[in-house]
Amino acid sequence: MTQPIIIAFYLPQYHPTPHNNEWWGNGFTEWTNVAKAKKLFPGHYQPKIPADLGFYDLRVPEVREQQAVMAREAGVDGFCYYEYWFGNGHEELELPFREVVDSGKPDYPFCLCWANESWKKKSWSKEGAIFDSKLLAEQTYPGKEDIVNHFYARLKAFSDPRYMKYQGKLIYMIYKPLEHPDVKLFMDTWQQLAHDNNLPGFYFLGFELLADLHGEEILNKGFDAVVSCRNSKDHILSFWSVLRRASFIINIPRINPYKKMWPRLVTDLEKTNDKYIPVIMPNWDHTPRSGARGDLFFGATPQEFEKHCLDTLSAVASKNNPLCFLKSWNEWGEGNYMEPDLKYGKGYINALKRVVDFITNNTRG
C-alpha cells in the first residue's frame with residue numbers, strides 16, 4: 001500500500017480587484033455571493049458563514065499562513081492554486097499566489113492549475129438555462145510567443161522548492177485540456193523550456209468532468225493523467241431535477257442527496273487505473289452564485305464525507321499512482337470547502353484527518 005498524496009484546489013479570489021470592481025461593484029469578492037445566499041427550501045443550509053478565519057482577505061499574509069496550518073491539520077499535502085492567464089499577458093486574481101511565491105510564505109507545498117476558460121456574466125431563464133451571457137474576459141491562445149511568455153511568468157514558482165512534483169516532475173494541470181487549440185505545442189514548448197532552465201520537466205494533468213467520454217482523448221493528446229471530477233450535471237439526475245424541468249413555474253434548484261452522490265463521484269476507473277486521478281468533494285452548492293437556477297448536494301455532513309474519503313483513499317492506497325485531488329479547500333461560493341464554518345466548525349478537517357491517519361497506520365503496519 002502507498003500513502004495517498006492529497007492536493008486541494010485553492011481559489012485565490014477573496015480580495016478586491018479593479019476588474020471585479022468594474023464588473024460587479026466596488027469591493028466585490030466571492031464573499032459577496034456567500035453572504036447574500038438564501039435558504040431556498042426547508043432544510044437547505046444557507047447561508048454558509050465562515051467561522052475561525054471569518055470573511056478573510058487574501059491580501060493578508062496571516063490568513064494564508066492560517067490556511068496552511070489548517071490544511072496540514074487535515075492531512076492535505078499541498079494546494080493547487082487556480083491561475084488565470086487569458087493570453088497576451090492578461091491575468092486575473094494573480095496577487096495571492098504572487099505573494100506566496102515572492103514572500104516564501106507559507107512554507108507549504110503548491111502546484112498550479114491553469115483555469116483556461118472565458119469569464120462571463122450570465123443571466124438565467126426560469127428553466128435554468130443560460131439565455132444571456134456577457135463576455136467579461138476572453139480566454140485566448142495567441143500562439144507560441146504567448147506560450148513562452150506564460151512559462152516565464154511562472155518560472156520563479158516552478159523553481160521554488162515548495163513546488164510539488166510527481167515522478168520527479170512538476171505537477172501542472174490544465175482545466176480545459178480539449179479547448180486549447182494546440183495543447184501539444186503548449187506542452188512540448190514547456191517541456192523544452194523546462195530543460196533549458198534546468199527544471200525537471202512537467203507532469204501534465206488534464207481536468208475532466210466526463211472522463212468516460214473524453215479521458216482517452218486527453219491522454220492521446222500527451223497528458224500524463226486525467227483528473228476525473230464527476231460533479232457534472234450529466235451525472236446528476238433526481239426527482240427534483242425532473243420536476244423542475246417539467247415546469248417553468250416551480251422555482252427550485254436541482255437537489256441531489258449527498259449520500260447517493262458521493263459513491264458516484266469516484267468509480268472503478270479512478271480507483272484502479274493509474275492514468276485516472278480521483279477527486280473527493282465535501283459538498284456542492286452553486287446557489288450562492290446562481291440562486292434557484294443552481295444545483296446542489298443535499299444532506300452533506302462531515303460524517304458522510306468521512307465515508308467518501310475512506311472509500312476513495314483506501315482505493316488510492318492500493319494504486320501505483322497515489323495522487324488524489326480535493327475539490328476544494330475554499331470554494332465557498334460553490335459550497336465545496338474544508339475551512340471551518342459556523343455549523344460544523346472543523347468537522348470536515350477532522351473527518352479527513354481521521355481517514356488519513358487510519359490509512360497511514362495501515363500503510364506502516
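So, helices H12 and H13. H12 covers residues 302-316 and H13 covers residues 347-364, and in this predicted model the two pack with their axes 9 Å apart, at an angle of about 30 degrees. That angle is under 35 degrees, so we call H12 roughly parallel to H13. As for the handedness, H12 passes H13 in a right-handed crossing.

Which residues in H12 meet H13? From the H12 side you've got Pro302, Phe305, Glu306, Cys309, Leu310, Leu313 and Ser314. Over on H13, the partners include Tyr348, Ala351, Leu352, Val355 and Phe358, and Arg354 is one of them too. Sort that contact by class and you get 12 nonpolar residues, 2 polar and 2 charged.

Now, Cys309 was on that H12 list, which brings me to cysteines. How many disulfides does the structure hold? The count is 0. Quick reminder: a disulfide is a covalent bond between the sulfur atoms of two cysteines. To count here, the two sulfurs have to be within 2.5 Å.

Take Cys324. Its closest cysteine sulfur sits in Cys309, and at 7.8 Å that's too far for a bond. Then there's Cys113. For Cys113 the closest cysteine sulfur belongs to Cys80, 5.0 Å away, and again that's too far for a bond.

Are these two buried or exposed, Cys113 and Cys324? Cys113 has 0% relative accessibility, so it counts as buried. Cys324 is also listed at 0%, so Cys324 counts as buried as well.

So that's the picture: H12 roughly parallel to H13, and 0 disulfides in the structure.

Terms used: Residues are numbered from 1 along each chain as its sequence is written. This is a predicted model: local features need pLDDT of at least 70, side-chain atom pairs count only at pLDDT 80 or more; totals for chains, interfaces and linings use all residues. Side-chain values use heavy atoms; hydrogens and water are left out. Axes are lines fitted to C-alpha atoms, for helices over the stretch in contact, and angles run from 0 to 180 degrees between N-to-C directions. Helices (H or I, at least four residues) and strands (E, at least two) are DSSP runs, numbered from the N terminus. Angles under 35 degrees count as roughly parallel, over 145 as roughly antiparallel, 65 to 115 as roughly perpendicular and the rest as oblique. A crossing is left-handed if the near helix is turned anticlockwise from the far one by less than a right angle, and right-handed if clockwise. Contact means heavy atoms within 4.5 Å. Ala, Val, Leu, Ile, Met, Phe, Trp, Tyr, Cys and Pro count as nonpolar, Asp, Glu, Lys and Arg as charged, and the others, Gly among them, as polar. Buried means under 20% relative accessible area, exposed over 50%, partly exposed in between (1.4 Å probe, protein chains only).
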